Amino acid sequence: MARAVKFDRYGGIEELKVVEVPTPTAGPGQVVVAVVAAGINPGEAYIRTGALHERWPATFPSGQGSDFAGRIVEIGAGVGGVEVGDEVLGFTDNRASHATHVVVPVDQVTPKPTGLEWDVAGALFVAGTTAFAAMRAVEANEGDTVVVSGAAGGVGSITVQLLRARGAEVIGIASAANHDWLRKVGVTPVAYGDGLIERLRAAAPKGVDAFIDTYGADYVDIAVELGVPVERINTIINWAAVEKYGVKADGNAAAATIDILTELADLAAAGTIEVPIAATYPLDKVQEAYRELEQRHTRGKIVLRP
């Protein structure tokens, strides 16, 4: 038997349980992966509470998780190019990676680069592809000044580095505790809270070309007030602002391909982007992991270690 995180109804963190389930088997074109690391993401918490029922409803009992990294333990008929024992990272579309084993189509895994840490590999898909999509949506180019809210979070921390790699000047909105890290990766930090617009104008005296909101709250309103064109504003969370202003809302789904994940893994392995790991938890401590996540003050990613 395998073990997996499940919840039987919408609700709080207490709904998450780790239960025994049949070990998945590989059908044609599929592989089974023994999970070493699996990232957790805010969207999963919103799905569990029912807040996203209209957009992404759950079918009960529901599993959790998209990100994973691990070792292939079974190969289905017709699968070539991989072998049992191969180290891979990938994604599942079935909310199933918060488990000891996951079965996916072989085209949803890619080789784990040598030297890439397991925790980073297992936490890269959702945050990395979301960051990639957001950067692409605002058409960030060399010399642009781009503001990122939630700049040290799971998505924001990758977004700011992708922007810097593209040659953009980046201003990151974050708590003071994260300012030194932002400076280390070449980002100008600005504290959130009262007076933010004035601080952003001081940090960008020639204006802001694009704005990426990874946090929500009133950051899209602030971007509009700063005069950023709506077609160069992207939010991954504030759907009301999309309706109100017509800003973009490109996220994980807009870049959820194995090619982009492979590119991100190579960038991380080469040290071009750093993926901070805020904490790791064993699978049995999934409630504690989400309790930390839902405080929304972590730097980087939280990872389950099945």
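Is Phe 60 buried, partly exposed or exposed? Phe 60 is partly exposed, with a relative accessible area of 34%. This report starts from that residue and moves on through the chain. The model is predicted.

## The annotated region

The UniProt record, an unreviewed entry, carries the annotation "domain: Enoyl reductase (ER)" for residues 11-304. Over residues 11-304 the chain is 29% helix and 23% strand.

## Aromatic pairs

A search of the whole structure finds five aromatic pairs. One of them joins Phe 7 and Phe 60. Their ring centres are 5.9 Å apart and their planes stand at 70°, so the pair is edge-to-face. The pair links distant parts of the chain, 53 residues apart. Phe 7 sits in the loop between β1 (2-6) and β2 (17-21). Phe 60 sits in the loop between α1 and β4 (67-75). Phe 7 is buried, at 1% relative accessible area, whereas Phe 60 is partly exposed at 34%. With Tyr 10, these two residues form one aromatic cluster.

Phe 91 and Phe 125 make another pair. Here the ring centres lie 4.2 Å apart and the planes are at 5°, so the pair is stacked. Phe 91 belongs to strand β5 and Phe 125 to helix α3, so the pair ties together parts that are 34 residues apart in sequence. Phe 91 is buried, with a relative accessible area of 5%. Phe 125 is buried too, at 4%.

## Nonpolar cores

In soluble globular proteins, nonpolar side chains tend to be buried together. In this model, the largest nonpolar core has 46 residues. Those with the most contacts inside this core are Leu 124, Ile 158, Val 160, Leu 162 and Leu 163. Several elements give two or more residues to the core, among them β5 (87-91), α2 (118-122), β8 (145-149), α4 (156-165) and α9. Helix α3 gives the most, with eight residues.

What does Leu 162 contact, leaving aside its neighbours within four places in sequence? Its partners are Ala 131, Phe 132, Met 135, Leu 264, Leu 267 and Ile 273. A second, separate core has 19 residues. Val 147, Val 208, Ala 223 and Ile 233 are among them.

## Helix α1

Helix α1 spans residues 42-49, and its buried residues are Glu 44, Ala 45, Ile 47 and Arg 48. They cover an arc of only 160° around the axis, which puts them on the same side of α1. What covers these buried residues includes β3 (30-40) and α10 (286-293). Just after the helix, Gly 50 takes a positive phi of about 95°.

## Two loop residues

Thr 214 lies in the loop between β11 (210-213) and α7 (219-225). Is Thr 214 buried or exposed? Thr 214 has a relative accessible area of 14%, so it counts as buried. A polar atom of its side chain lies 2.6 Å from the backbone oxygen of Ser 149. The side chain of Thr 214 also reaches the backbone oxygen of Gly 150, at 3.3 Å. Leaving aside neighbours within four places in sequence, the contacts of Thr 214 include Val 148, Val 155, Gly 156, Ile 236, Ile 237 and Arg 296.

Gly 271 lies in the loop between α9 (258-270) and β13 (277-282). Gly 271 is exposed, with a relative accessible area of 56%. Gly 271 and Glu 139 are 132 residues apart in sequence. Their C-alpha atoms are 24 Å apart in space.

## Tyr 281 in strand β13

Tyr 281 has its place in strand β13. At 17% relative accessibility, Tyr 281 counts as buried. Which side chain does the side chain of Tyr 281 join through a polar contact of 2.3 Å? The partner is Glu 292.

Beyond its neighbours within four places in sequence, Tyr 281 is in contact with residues that include Glu 288, Ala 289 and Glu 292. Ile 302, Val 303, Leu 304 and Arg 305 are also in contact with Tyr 281. Pro 306 is 25 residues from Tyr 281 along the chain. The C-alpha atoms of Tyr 281 and Pro 306 are separated by 8.5 Å.

Methods. Residues numbered from 1 in each chain as written. Predicted model: local features only at pLDDT ≥ 70, side-chain atom pairs only at ≥ 80, totals over all residues. Heavy atoms only, no water. Helix = DSSP H or I, 4+ residues; strand = E, 2+ residues; numbered from the N terminus. Buried < 20%, exposed > 50% of the residue type's maximum accessible area, 1.4 Å probe, protein only. Polar contact = N/O pair within 3.5 Å; in protein donor to acceptor, adjacent residues only side chain to side chain. Contact = heavy atoms within 4.5 Å. Arc of directions from axis to C-beta. UniProt positions renumbered as here; feature names shortened; annotations may be inferred. Core = buried A, V, L, I, M, F, W, Y, C linked by side-chain atoms within 4.5 Å. Phe/Tyr/Trp six-rings, centres within 6.5 Å; stacked < 30°, edge-to-face > 60°.
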